[in-house]
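This report describes a sheet and a pocket. The structure is shown first.

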Amino acid sequence: MQYKAQVNEAINILKNILEVKKPADRIISFHFKRNRFIGSKDKAIISQLVYAILRNKATLEFYLKKFNLQTTARKLVIAYLSVTENKDLPEMTKIFDGDMYSARNLKGAEIEFAKKRKQIDPLEMKEFEKLNFPEWLSEDLKEAFGDNLANEMIGLNQQATTTIRVNLLKTTRAKLKADLKDEDIRTKKTKISPFGLTIEGKNNLFASQCFKKGYFEVQDEGSQILAILADTKPKQKVLDMCCGAGGKLLAMAATMEHTGSLIGTDVNERRLLESKKRLKRAGISNAMLKVISSENDKYLKRQAGRFDTIFVDAPCSGTGTWRRNPDSKWNLEAEFVEQLTVTQASILKSARNLVKSGGTIAYATCSVLRKENHDQVEKFLAENDDFELVDISTIYPDLTSEKTLQLTPSKHKCDGFFIALLRKKQSNQV
């Protein structure tokens with residue numbers, strides 16, 4: 001496939017992403033399934049182009065506005081190729097030549113853009129345009145990162161690495177590293193997680209025999225750290241309250257050595273079905289999955305005071321996962337975030353009643369916003385004097401100097417996860 005045809009496919013995909021506002025990875029996958037003539041190398045180039053444009057959408061819109069051009073898929077691709085790839089008008093004309101498999105010819109203002117975009121002074125960009133985040137989140141992100149905002153936004157705008165978690169119930173990190181090498185998959189040890197490996201290069205991990213045997217799961221190192229901090233142990237009773245597809249559930253199960261009980265609940269039955277498949281592949285025998293209606297489900301109320309550990313992977317804005325889901329930042333709305341904070345507080349309130357005396361609630365999000373993280377924890381502690389905050393800086397002093405932990409791509413080379421450990425005081429302490 002010629003480059004001009006790849007560009008045209010990228011325009012078609014972007015058009016759907018902008019119109020439908022569903023996750024970009026699903027739309028890209030669906031497009032490729034419908035167009036099976038597109039080869040694997042072409043798919044990689046097309047996907048990279050789409051994601052690069054989504055990551056830098058605010059910057060590209062800045063240039064388009066200077067020429068009174070609307071934000072459309074076609075215009076964004078023109079802006080990206082001209083501004084970021086530095087292609088001049090003759091090159092652009094060859095890409096947009098109106099051939100059967102390429103985009104239609106450049107016209108009018110598009111030609112002017114390709115000719116004169118270098119006349120635009122990039123120093124005129126506002127902060128949100130330069131750093132590529134939604135303007136309405138400016139104050140929230142400044143509150144979260146302060147003077148380090150630029151570095152953190154640059155980190156969140158990079159392509160994420162691929163990391164896997166070794167299933168210690170079936171193998172060891174050293175053995176898996178060797179086995180993957182035999183499959184021509186190169187890895188290196190993660191710096192923080194003791195059971196993580198970072199993949200070097202591009203590989204189809206899901207076709208790996210090691211994956212099919214349940215030796216590993218794809219999981220960001222930050223997510224692995226959260227599961228480590230939950231500190232689940234053999235023979236404990238553990239609840240993963242917002243289980244989802246089960247990534248952290250599996251990580252916690254690996255520390256329990258097939259003993260105790262692990263219950264995963266979620267309101268999304270489809271995601272729990274994915275968890276079920278993963279549990280089977282991982283060889284986990286002490287876990288049970290349960291669909292619930294909400295955090296106030298009757299089933300949960302009957303479990304009052306029974307759990308040693310409750311992991312609350314709360315529904316959140318996903319601002320910490322922008323490396324993987326750059327489209328999500330442009331679809332996020334302020335009203336939705338405010339609704340999430342209400343749900344998060346409600347889930348914490350429910351978890352409070354389920355944990356044993358001396359037990360721990362691990363409250364986690366994949367957000368970098370304080371209103372979803374620190375503010376929720378402070379509010380919970382103010383309303384529940386029978387809980388105390390476990391100081392994470394004593395566990396991971398190299399990661400944080402605070403009692404809670406906020407991971408970021410810039411500082412920790414992983415997704416933007418937050419976690420706080422809320423321990424219920426023993427009865428004689430209250």
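## Strand partners

In β4, V218 is the bridge partner of I164. Strand β1 (residues 163-166) and β4 run antiparallel and are joined by three bridges; two strands pair if DSSP finds at least two bridges between them. Strands (E, at least two residues) and helices (H or I, at least four) are DSSP runs, numbered from the N terminus.

The model is predicted: local features need pLDDT of at least 70 and side-chain atom pairs count only at pLDDT 80 or more, while totals for chains, interfaces and linings use all residues. Residues are numbered from 1 along each chain as its sequence is written, and side-chain values use heavy atoms, with hydrogens and water left out.

## The open sheet

The order β2-β3-β1-β4 describes an open sheet of four strands with antiparallel pairing. Because β2 (186-189) and β4 (216-218) stand at the edges with a single partner strand each, one side of each is left without a neighbour in the sheet.

## The second largest pocket

The second largest pocket holds about 380 Å³ of space. A pocket is an open set of points on a 1 Å grid over the protein atoms alone, where a 1.4 Å probe fits, with protein on both sides within 12 Å along at least five of seven lines; lining residues have an atom within 4 Å of a point. The volume is the space filled by probe spheres set on the points, which are joined across faces, edges and corners.

Of the 18 lining residues, T161, K191, E221, H412 and K413 are the closest to the pocket centre. The elements giving two or more residues to this lining are β2 and α20 (409-412), and α20 gives the most, with four residues.
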